[in-house]
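Me: I am new to this structure and would like to go through it piece by piece. Please put it up first, and then I shall start asking.

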Amino acid sequence: MSVDRLLPSDEARELIELTRDIADKVLDPIVDEHEKAETYPEGVFAQLGAAGLLSLPQPEEWGGGGQPYEVYLQVLEEIAARWAAVGVAVSVHSLSSHPLLAYGSEEQKQRWLPGMLSGEQIGAYSLSEPQAGSDAAALSCKATRDGDAYVLNGSKAWITHGGKADFYTLFARTGEGSKGISCFLVPAGLDGLSFGKPEEKMGLHAVPTTSAFYDNARLDADRLIGQEGQGLSIAFSALDSGRLGIAAVAVGIAQAALDEAVRYANERTTFGRKIADHQGLGFLLADMAAAVVSARATYLDAARRRDLGLPYSTQASVAKLIATDAAMKVTTDAVQVFGGVGYTRDFRVERYMREAKITQIFEGTNQIQRLVISRGLG
Ligand SMILES: Cc1cc2nc3c(=O)[nH]c(=O)nc-3n(C[C@H](O)[C@H](O)[C@H](O)COP(=O)(O)OP(=O)(O)OC[C@H]3O[C@@H](n4cnc5c(N)ncnc54)[C@H](O)[C@@H]3O)c2cc1C
């Protein structure tokens, strides 16, 4: 895959080249094996961190790359095109660092941000619970103040990188209602914190998704991020940025499926000609290409608004909706282009189709994106 990108600087061009090189040499040789065996790619995130790819949009003063969001998202797209599970985890790492960066005190940032942004500390985002997904305000995991600590009790669900991450950006209840939720930074080894077995998922096999259980876990009170009760607005502000990450991941998956489909359509012959030369199939490929290009333009538009400091919440939801629906359609059509072999594990297109599905569900289902968009209209 080599998309001809419009990039704002030479530095951005070099970053894309670097990412493609890492994708070719580090990700591509092992992706199929790990996705089939459902094994975690130890060392891969450390390599991405060492290359500076885990903190591209964060400020340089804290060890970030200081890149515009439009550049970070295109790098993320390149990673996801090669390995969606890794792309999702990179996006979730950024999502998890956002609350500390945007709401942490100077002292908290000095303590924890450099480790996060260097990629030594991989983050996970823990908002969802078994009974609180779309309705995040219904969460019930409790944080009760006790002297110089909060005592955590309850269960969290669906944590990307659960059990493997170094820190968990946790949302827990300190009071009643939607203003009774607070944000905490939980270290992985906290006494009283344990993880469930990895979920048996349809895709994204190489990075675990687990539950977490807090059983009288004492967390130092200085790990509260922002004010007590501010948690839900912190969670939603992080998700605005995170949804753009998922849009970029979805476009990466769709681009990879399109590339495989075009290659196959120019090799396979029926009725004495390449299948790409049958107009019915050529038009299918054309629609796939149009969907990928327009989805990319949609997330870039939202990212540029973010880079300019303009409101972009509605545009982020539009980008997530458009890009993930495009990914679902394009990957399904890619399986169609392959015919019978598309339905086997001999080719990557079936994996892309499974991976595309989750992008329509997490970080707000596409029904919830429509809710956000409709509220932003009036
Ligand atoms: C692989 C994977 C990774 C995940 N990673 C994370 C993570 O790292 N951190 C985290 O916190 N969470 C994570 N999640 C959780 C994910 O964000 C939730 O699954 C998602 O938000 C949906 O919540 P739910 O599963 O409870 O579905 P529900 O909220 O029960 O929704 C069920 C259905 O009802 C629809 N629906 C609900 N409310 C409305 C409404 N008001 N209007 C219209 N339709 C509605 C939904 O769109 C959906 O189709 C992950 C999930 C998966 C599967």
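Me: Which residue forms a salt bridge with Arg 218?
Reply: Arg 218 pairs with Asp 146, and their closest N and O atoms are 2.7 Å apart. A salt bridge here is a side-chain nitrogen of Lys or Arg within 4 Å of a carboxyl oxygen of Asp or Glu. Arg 218 lies in strand 7 (residues 209-220) and Asp 146 in strand 2 (residues 142-146), so the pair ties together parts that are 72 residues apart in sequence. Helices (H or I, at least four residues) and strands (E, at least two) are DSSP runs, numbered from the N terminus.

Me: Before we go on, what kind of model is this?
Reply: It is a predicted model, in which local features need pLDDT of at least 70 and side-chain atom pairs count only at pLDDT 80 or more, while totals for chains, interfaces and linings use all residues. Residues are numbered from 1 along each chain as its sequence is written, and side-chain values use heavy atoms, with hydrogens and water left out.

Me: Back to that pair. How accessible is Arg 218, and how accessible is Asp 146?
Reply: Arg 218 counts as partly exposed, at 42% relative accessibility. Asp 146 is partly exposed too, with a relative accessible area of 38%. Buried means under 20% relative accessible area, exposed over 50%, and partly exposed in between (1.4 Å probe, protein chains only).

Me: How many salt bridges does the structure hold?
Reply: It holds 25 salt bridges. One of them joins the side chains of Arg 5 and Glu 78 (2.9 Å, N to O). Arg 5 lies in the segment before helix 1 and Glu 78 in helix 3 (residues 69-82), so this pair ties together parts that are 73 residues apart in sequence.

Me: Are Arg 5 and Glu 78 buried or exposed?
Reply: Both Arg 5 and Glu 78 are buried.

Me: And which residue does Arg 20 pair with?
Reply: Arg 20 forms a salt bridge with Glu 17, and the closest N and O atoms are 3.8 Å apart. Both residues lie in helix 1, three residues apart, which is about one turn of the helix. Arg 20 is buried, with a relative accessible area of 12%.

Me: Which residues are linked in a network of salt bridges?
Reply: Asp 24, Asp 28, Asp 32, Arg 82, Arg 348, Arg 351 and Glu 355 are linked in such a network.

Me: Which side chain does Glu 35 join by a polar contact?
Reply: The side chain of Trp 83, at 2.9 Å. A polar contact is a pair of N or O atoms within 3.5 Å; within protein, one must be able to donate a hydrogen and the other to accept it, and residues adjacent in sequence count only if both atoms are side-chain atoms.

Me: New topic. Where does UniProt place the middle domain?
Reply: The unreviewed UniProt entry places "domain: Acyl-CoA oxidase/dehydrogenase middle" at residues 124-216. UniProt positions are given in the numbering used here, feature names are shortened, and annotations may be inferred rather than shown by experiment. Over residues 124-216 the chain is 0% helix and 48% strand.

Me: And the C-terminal one: where is that placed?
Reply: The record, again an unreviewed entry, has "domain: Acyl-CoA dehydrogenase/oxidase C-terminal" at residues 229-377. Over residues 229-377 the chain is 76% helix and 3% strand.

Me: In which strand is Tyr 168 found?
Reply: Tyr 168 is in strand 4 (residues 167-173). Tyr 168 is buried, with a relative accessible area of 1%. Leaving aside neighbours within four places in sequence, its contacts (heavy atoms within 4.5 Å) include Ala 124, Phe 184 and Tyr 214.

Me: In which sense do strand 1 and strand 4 pair?
Reply: They pair in the parallel sense over four bridges; two strands pair if DSSP finds at least two bridges between them. Gly 123 stands opposite Phe 167 in strand 4.
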